[in-house]
Structures are given as structure tokens and as C-alpha cells.
Amino acid sequence: MTVKIVCYGVRPNEKEYFEKLNTFHYKLNLVESLLNHDNAEAAMGMDAIILRGNCLADRKNIKKFAEYGVKYLLTRTAGFNHIDLEAAADYNMMVARVPSYSPNAIAELSLTLAMSLLRHTTYTTNRTAKKDFRIDTTMFSKEIRNCTVGIIGVGKIGQTEASLFKSLGANVLGYDVYQSDSAKETVEFKSLDDVLAESDIISVHVPYIPGENDQMINSEFINKMKDKAILINTARGELQDNQALLDAINSNKLDGIATDVFANESSIFFKKYDEDQSLDDPVIQGLVDLYPRVLITPHVGSNTDEALKNMIETSYENLDRLIRQGYSTNDVALPEKTSMTV
């Protein structure tokens, strides 16, 4: 029997990867748009669904999927907060994720954003693009080898970024509740307050845990940072207080901020606005207006060849194991079923 899959959020450049890596010979329906309430019908007659971040796998859609006969719900992301796990349990749908993929993808973006802000390259090229070739005081900078970089969350991604910065000569500090032996080879672990106070660049790589670290990057966090430091968040938008970021730049507490993420980012990201059109969120609009001291990328951290390959291969393997074994090593634990009748 041929297994049929609908894959949501497949960008044009990703289609060849989905097809080339399909060694299991699944029958694929590649949908470019993210899953929403208007395109759930694409799952009709399918055995499985593969999602990406910001897809809307809520109870309404999961109920539809169950009615269509879908048995497997996979996400090609490490996070799974876009999936209603209670609904998945209620409708007997198995869920699996991709717990890890190329750590270089996120680490390289973090490094790139940090170096752009440190050397003011975006500011400078923005001026030369307008045929202004004068040098001003903003273009003066420290060298990275004379800087201290603080990594908050020293897992695979944090360690990779730490190694990149260390290879450039930076002093690298780290904070993590779990201090692995491998990380200790690259970073000097200190308390969070010390890392914040001593670092010229802070890069955040912690997972978002609802109810525990919501908006951990807030005014208190920023006030503990070194004056004129740079802050990078390529982890999750729920970790940052956008108003605190805006205040930090407007008050000149921080020299620059870069983020690849926002909470509820699908309401803004992946759309094109007219230049004179304001965003619905005035705080995010304020951050956009502070370019080039604030650099925003639309969740492109994992948008690399190697990361994409890892995500697709693992998703395909997850599905094969679920079908053959009834479980995979990357299953997402589902809550106990509610008393609802399905």
C-alpha cells in the first residue's frame, strides 16, 4: 500500500528536497501555504500530515483530519506548540517531531546578526546604497577578539555558536541549568547575572517552556546587561518582551538587537506589507522603525540546505517507524484522553 502524505508550508525551493529524499516512495501532496482553516481539505484521503512551525494544528483542524482518516501528525520542527496535543490524543492521532537538526543553521544566523550589529555593516551598506560613502563615528567598532560573548542556553546550538565565536578570538561565557562536559571545553560557565553583566554580546538559545520562562528577556534581564551591549534572540519569540526591547534601544541602553522570532509571529511573518502600511502591533512596528539598530529576520534560522535535509529525512523516518512499529524514538507524549466522545 502506498502511504499518502500532505506536507504543509513547503516553500518552492524545498520541493526538490521533499521529492529527492523520498526514499520510502510516499505519495506526496506538497502545499506551499501553512496549514490554516481554509486549506485543511488538502488532507482528505491522506494517511499522514507533515507540518512546519506556525501551522495551525488546532482542535478544529485535527477533528477534520480524523474525519478524513489521517492517523499520523508529524512536524518537521523541534517545537510542537503549534499542535493541540489534547485534541490529537482525543482523536487517536500519533504525533512525532524532529528533536534536532543542523545546529550550524541557527548558530550561523546568530553569529551573522551579531557581527552585523557589532561592525555596523548594515548601517554602513544602507548608507552606501544611497551613494553616501562618508565614514562617520557610528562605523567605528570593537573587534570581536576584544569582546566577551555570553551564550544563554548552551545545548547543541549554543555550543556550536560558542565554538564559532571562540574561533574568532572572542572570550565566551555560558549560562545553562545543565552544564555539559562538552560545553565546558568551549565556554566558561557563570551565573546568569554575571554573564549578562560581563558580555558585549548576548545570544539566547533556550527552549520556550510555557508558564516558566515567558518573556524572560524583559526589562529586568536587559537592565542587568552591559551598557551598549548587543542582544540576539534566534530561539522563540515568547521568550522576549517586545516593549522591553523597544525601550532598550530608545533609551540607548543597548547598542543593537536582532531577533528571528516573535510570539504569534504568523500574524506578521510570511506576508508582504506596503512600505507606508503600519503593522497592527505598534510595538513591533516601533522595532521595525529602528532599523538598522534593530535587525529582524522572519524566522529563517533553520532555512538552510543541511537543516532542511535533516528535517525531511527525520520526518520520513518517523512516519516509517510509526507505521511499522507503532512508535518512533521521536514521538511526542500525548496527554491522557478527555472524557469527550469522538
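Rings of Phe, Tyr and Trp (its six-membered ring) are taken to pair if their centres lie within 6.5 Å, with planes under 30 degrees apart counted as stacked, over 60 as edge-to-face and the rest as tilted. The model is predicted, so local features need pLDDT of at least 70 and side-chain atom pairs count only at pLDDT 80 or more, while totals for chains, interfaces and linings use all residues. Residues are numbered from 1 along each chain as its sequence is written, and side-chain values use heavy atoms, with hydrogens and water left out.

By the ring criterion the count comes to five aromatic pairs. Among them, Phe 18 and Tyr 316 form an edge-to-face pair, at 6.5 Å centre to centre and with 75° between the planes. This pair links distant parts of the chain: Phe 18 belongs to helix α1 (residues 15–20) and Tyr 316 to helix α12 (residues 305–325), 298 residues apart. Helices (H or I, at least four residues) and strands (E, at least two) are DSSP runs, numbered from the N terminus. Phe 18 counts as buried because its relative accessibility is 1%, and Tyr 316 is likewise buried, with a relative accessible area of 1%. Here, buried means under 20% relative accessible area, exposed over 50%, and partly exposed in between (1.4 Å probe, protein chains only). Ring pairs join Phe 18, Phe 24, Tyr 26 and Tyr 316 into a cluster. The ring of Tyr 17 has the charged end of Lys 20 over it, 4.8 Å from the ring centre; the criterion is NZ of Lys or CZ of Arg within 6 Å of the ring centre and within 35 degrees of the ring normal.

Ala 96 lies in strand β5 (residues 94–96) and counts as buried, at 0% relative accessibility. Contact is defined as heavy atoms within 4.5 Å. With residues up to four places away in sequence not counted, Ala 96 touches Leu 73, Leu 74, Thr 75, Asn 318, Leu 322, Ser 328, Asn 330, Asp 331 and Val 332.

An unreviewed UniProt entry lists residues 112–301 as "domain: D-isomer specific 2-hydroxyacid dehydrogenase NAD-binding". UniProt positions are given in the numbering used here, feature names are shortened, and annotations may be inferred rather than shown by experiment. Over residues 112–301 the chain is 32% helix and 16% strand, with the end C-alpha atoms 11 Å apart.

His 205 is located in the loop between β9 (201–204) and α9 (219–223) and is buried, with a relative accessible area of 12%. Its side chain makes a polar contact of 3.2 Å with the side chain of Ser 203. A polar contact is a pair of N or O atoms within 3.5 Å; within protein, one must be able to donate a hydrogen and the other to accept it, and residues adjacent in sequence count only if both atoms are side-chain atoms. Residues touched by His 205, not counting those up to four places away in sequence, include Ile 106, Ser 110, Glu 161 and Thr 234.

Backbone geometry was also examined. Lys 131, a residue other than glycine, has a positive phi near 65°. Lys 131 is placed in the loop between α5 (121–128) and β6 (148–152) and is exposed, with a relative accessible area of 72%. His 299, also not a glycine, has a positive phi of about 55°; this residue is in the loop between β12 and α12 and is partly exposed, at 24% relative accessible area. Tyr 291 and Pro 292 are joined by a cis peptide bond, with omega about 10°. Pro 292 is found in the loop between α11 (282–289) and β12 (294–296).
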